[in-house]
Amino acid sequence: MFCACGNWSNEDVEYLYALPQKEALKSQLSDTASTGQGLRHDPLIGDPVKYYAEAEANSAAFNALVENVLGGLDVLRTIAPTTREPNKRIWGPWPDDKNPGFDGRAEITKTGDKTYEWKVQARKRGTQTFTTIIGGQFVATETLRKGRGTFFFDAVAAHGVYGTTKAKPEDPDKVDFGYATDGDPVIVEIDVKVPQLTVPVRYQLNRYADAAGVFGFTADGLPDPNATKISAIYSWNAQRAGRIVYTVLAGNYAGAMAEQCWNTDQKVVFEFGNWAGGPNAGNRSDCAEVAAYKDLPAFPP
Amino acid sequence: MRALAVASLLIASLASAEGPTRRFALIVGNDTGGDGTRDLMYARDDARKLHDILTRLGGVKPADAFLLLNDSSENLLKSLAEVEKRAADARARGDRTALFFYYSGHARDGALRLGSTQLPMESLKARLAQAPADIRVAVFDACKSGAITRTKGMRRAPAFEVESDAQRAAKGLVILTSSASDEDSQESDSIGGSYFSHHLASGLLGDADKSGDGRVSLGEAYAYAYERTVADTADTASGPQHPTFSFDLAGNGDLVLTDVIERREGLLIPASAPAGAWFLVDMRGFVVAEIAKAENAQRLVALAPGKYWVKRRLAGHLKIGQISVAAGEITVISPEDMKSADFSDDPVKGAYQTLTYTKHWGVGINGGYNLVFDKPLEAGGYFPSAPMFGLDVMFHNAFGRGWSFGIDGAFGFTSGQLLVGGLESLPYKYSALALGLSGICEWPEGWWVPFVGVRLALNIMNREFPGSGLPNQGYAIFVPGLVLGMKIRFSTRWSFVARTRLNYLLYTIDSTRSLGSVEFAGLFNYEFGL
């Protein structure tokens, strides 16, 4: 007589909050440059567009990684948990529409006070064992949405379950994420492990509440003998004035550095290259004040 | 022939030479008759009316008057046994005794139908015939009740031949029925009762006092009720209804049923007032008495203290006045006190009364607030309190007078902050749809109508968390509850209703919790006929 049905649960909300929010972890660099103003199309001096274009392309890659990995969690926000246990929520198994013949399963476990572990698994229908494809941990330090966490995407495991191969040789084997959303800036680091490189490519993001930010990447073990390790740091303030520093950290050109600044009107105000014959225009003092990159704090906190 | 009838009907007088008479009354009214019968609308009211008259004017002490409403045959017999015991005790003390039995309700296939129970009329008659009272008067207002007077041992006589000047106290049984053995006994919405009981009551209040001695005898009352019942039912769809009168008596002397002058209380219609029908209606809309005023004859009607409408229906319009009868006083109505009114403006008869006591619809729009017995969502509760707006449809008197059935729907919404995990405040938007079925018992007499009932509702609730990326949440559950309220009429069709619902809300998702809510609402209500 009093039968009840539905997904009305305060605790479900708590568990779902343990999952990382993809929009909170994405770089805003592409948004900043998407106006198409100034820098690339109206350079003050020289043709520095290649620096920015590289940064933007890497920012897009960064966001794609976040989207592709965390997009797999969206399904959990559309269906109610299948099983509610003390300190645990389980979804599935459910038929994986994107991969016919396979089942998905997800689980979030409250392992301690404000500490959560989660994983998304898959199996071929008819088999018993689920393989973890995506998994992570989260510690709520300030609110349920603000804390520190890690997660990963195991591409090798995914190919093993689905019986697929890489579309491209340079596709990653595994991607590890670390993030801290309990301070300003939000800090995200991604290590992308590709077979061609012995050291994962590291992407770094500082994302400030006032829209300022720092985005960069470091790649090591590159095949070019002149630049086997490079880094790019792209910084901007709340008014969108910014700076790019491109550095060769190892290789024949180790120590080479290129730098470019632009103002709030998106006009290049300073350009410099420290190699012989490199660009040197404008005054560095005209560069806007931008933040230095802050490293990801230790996890668990 | 007339002399023969007179001789056989003369019954002991209350004030006979043999001394005072201890009177007992068992009054039974039952609107329901079980399978195969349709609920009556006014049987209980008729019983109440007779109970009031007999205890006020008929010499029956309230302690000696038993009133059974919608009760069973078993309890009727228990009450009859108690009356018999008291009568036997009184008789043993040397009192002369009289027993008045009245039944208004269903009768079918030779049995009184009291709800789902039955009582054979023959056995009841035999019981009354043996009852330890010197004189027993039984009145049956039921369909085909005349069958009880066709049996052996009783003699039938037309009431209009009753004579009241005999002096020798009689002993025995007298039976009055509202209709012949092959006739239905009819009720009327316009008079708010059965024709027979209505006219019997009017007669007992004084209009049947043909002799003008201030007392209404059994013979006068029956003759009056007979004449008016036949006249009123002559043109009805069911055809004329002929009351019957039978007796099994020894002795003579007519029985005085009511004394309308002893209390010196009521309404006096002066001799100079126009002749014709005068309706006396109480403030609830009940026709208390219908007086056939004769030319140049005053008429005293022993109304109980209170306020009444007095109404006359003329050819093209109404004459309406309001009077107040005080305890121990006689109010004289003056024709000048009555104002003319159109039939459509009749405040005391017609639409109001029909809507009140017959099956009809009511539609209301409501607004209210549902207060949930749970901690606030800002502190981690589950369901918020919220304003509700909706529509009610009520089928009044669906299961008998005062027993109504309703359906309702309401929508509510609110917004706020939900505390999650003790850390996070999350904005939410809440909405709720409630669809309910109600069974209501209401007391529709008068302008203030209290009601209580039960309700079962389907509550469908939804909440969303804008901008959070979280899924909407829903919950649907059947919610039982109690209903309590008061309808305040401010016209014949329009009313305002103040209503409270107490609901039980079971929550089962995160854990099992018994929650509840109380809903306060006000409705503007419109009622209309079928």
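Which residues do ring pairs link into a cluster? Ring pairs join A:Trp8, B:Tyr382, B:Phe383, B:Tyr430, B:Tyr475 and B:Tyr507 into a cluster.

## Basis of the model

This is a predicted model, in which local features need pLDDT of at least 70 and side-chain atom pairs count only at pLDDT 80 or more, while totals for chains, interfaces and linings use all residues. Residues are numbered from 1 along each chain as its sequence is written, chains are lettered from A and ligands numbered from 1 in the order in which they are written, and side-chain values use heavy atoms, with hydrogens and water left out.

## Aromatic pairs

Over all chains, the structure holds 29 aromatic pairs. Rings of Phe, Tyr and Trp (its six-membered ring) pair if their centres lie within 6.5 Å; planes under 30 degrees apart count as stacked, over 60 as edge-to-face and the rest as tilted. The pair of A:Trp8 and B:Tyr430 is edge-to-face because the ring centres are 6.0 Å apart and the planes stand at 90 degrees. A:Trp8 lies in the loop between β1 (4-6) and α1 (10-17) of chain A, and B:Tyr430 in strand β26 (residues 424-442) of chain B, so this pair joins two chains. Helices (H or I, at least four residues) and strands (E, at least two) are DSSP runs, numbered from the N terminus.

A:Tyr234 and A:Trp236 form a tilted pair, 5.2 Å centre to centre with 50 degrees between the planes. Both A:Tyr234 and A:Trp236 are buried.

## Helix α2 of chain B

Helix α2 (residues 43-57) of chain B has 15 residues and spans 21 Å from first C-alpha to last, close to the 21 Å expected at 1.5 Å a residue; the expected span is 1.5 Å times one less than the number of residues. Twelve of the 15 residues of α2(B) are buried, among them B:Arg44, B:Asp45, B:Asp46 and B:Lys49. B:Gly59, with a positive phi near 75 degrees, follows α2(B).

## A three-stranded sheet in chain B

Three strands of chain B form an open, antiparallel sheet in the order β4-β5-β6. β4 (106-108) and β6 (117-120) are at the edges with a single partner strand each, so one side of each has no neighbour in the sheet. Strand β5 (residues 111-114) and β6(B) pair over four bridges, where pairing takes at least two DSSP bridges. B:Thr117 in β6(B) is the bridge partner of B:Leu114.

Terms used
Buried means under 20% relative accessible area, exposed over 50%, partly exposed in between (1.4 Å probe, protein chains only).
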